[in-house]
Amino acid sequence: MTRRPLQDSIETSAEYAEAAALPKVHEVYTDPDRDCQKTEHLPPALQEPFGRKSPAQWAHERLILYIQNFEKTLDADQEVAMGFTGSSAGVIRIDGMGYFDPDIVTFYGADENGPKTQIIQHVSQLNVMLVAMPKKAEHAEPTRIGFRLGRGLDRHEDVKTKP
């Protein structure tokens, strides 16, 4: 039997419980040089113990982070769109995203043919796929919604849809 090395300090039960409640991130890629998301690099709003927020708020804030990271991989002719796995909703260009406590997440946008779309999902049914879609031809620059959505993540406050 191997023994675990002694730690420099002993955690109290409160410290142990708080550490267990903090969000953790784990990613592995086939490319060993690819940067992985680290918990200590998360915005302040995502470093809080998860017991302080509703499941809808947690889902909303983490989706923002995934959208931002996905947008970093896109070129100047692409925008992020979202597909919903296990449904016939298709793919929508994301124009907005929100949540309704305690457990609903909403997505606003337009489908591939242009009609306005709103998808309302319970957090227990949340399965999304981020997709690179050609940017709108009439815009010189691609729309990066992850930047707008993420403004609140660095301020320790709820993410607002309006500045």
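## Charged pairs, rings and a nonpolar core

The side chains of glutamate 79 and arginine 93 meet in a salt bridge, with 2.5 Å from N to O. Glutamate 79 belongs to strand β1 and arginine 93 to strand β2 (residues 91–100), so this pair ties together parts that are 14 residues apart in sequence. Please keep in mind that what you see here is a predicted model.

How many salt bridges are there in the count? The count comes to 2 salt bridges. In the other pairing, glutamate 61 forms a salt bridge with lysine 53, and the closest N and O atoms are 2.4 Å apart. As a general point, side chains of opposite charge can pair when their charged atoms come close.

The table gives the value for each partner.

| Residue | Relative accessible area | Salt bridge partner |
|---|---|---|
| Glutamate 61 | 1%, buried | Lysine 53 |
| Lysine 53 | 11%, buried | Glutamate 61 |
| Glutamate 79 | 2%, buried | Arginine 93 |
| Arginine 93 | 15%, buried | Glutamate 79 |

Lysine 53 has another neighbour to look for: it lies over the face of tryptophan 58, at 4.3 Å from the ring centre.

Now to the rings. The count comes to 1 aromatic pair. The rings of phenylalanine 84 and phenylalanine 107 have their centres 5.1 Å apart and their planes at 65 degrees; planes over 60 degrees apart count as edge-to-face, so this pair is edge-to-face. Phenylalanine 84 sits in strand β1 (residues 78–84) and phenylalanine 107 in strand β3 (residues 104–111), so the pair links distant parts of the chain, 23 residues apart. Both phenylalanine 84 and phenylalanine 107 are buried.

Phenylalanine 107 also leads us to the largest nonpolar core. This core has 22 residues, and Ile67, Met82, Met97 and Phe107 touch the most other members. Which elements give two or more residues to the core? They are α2 (55–71), β1, β2, β3 and α3 (145–150). Of these, α2 gives the most, with 6 residues. In soluble globular proteins, nonpolar side chains tend to be buried together.

Leaving aside its neighbours within four places in sequence, isoleucine 67 is in contact with Val80, Met82, Ile94, Met97, Leu130, Ile145, Gly146 and Leu149. Two names in that list, Met82 and Met97, are also among the residues that touch the most other core members.

Terms used
Residues numbered from 1 in each chain as written. Predicted model: local features only at pLDDT ≥ 70, side-chain atom pairs only at ≥ 80, totals over all residues. Heavy atoms only, no water. Phe/Tyr/Trp six-rings, centres within 6.5 Å; stacked < 30°, edge-to-face > 60°. Helix = DSSP H or I, 4+ residues; strand = E, 2+ residues; numbered from the N terminus. Buried < 20%, exposed > 50% of the residue type's maximum accessible area, 1.4 Å probe, protein only. Lys NZ or Arg CZ within 6 Å of the ring centre and 35° of its normal. Salt bridge = Lys/Arg side-chain N within 4 Å of Asp/Glu carboxyl O. Core = buried A, V, L, I, M, F, W, Y, C linked by side-chain atoms within 4.5 Å. Contact = heavy atoms within 4.5 Å.
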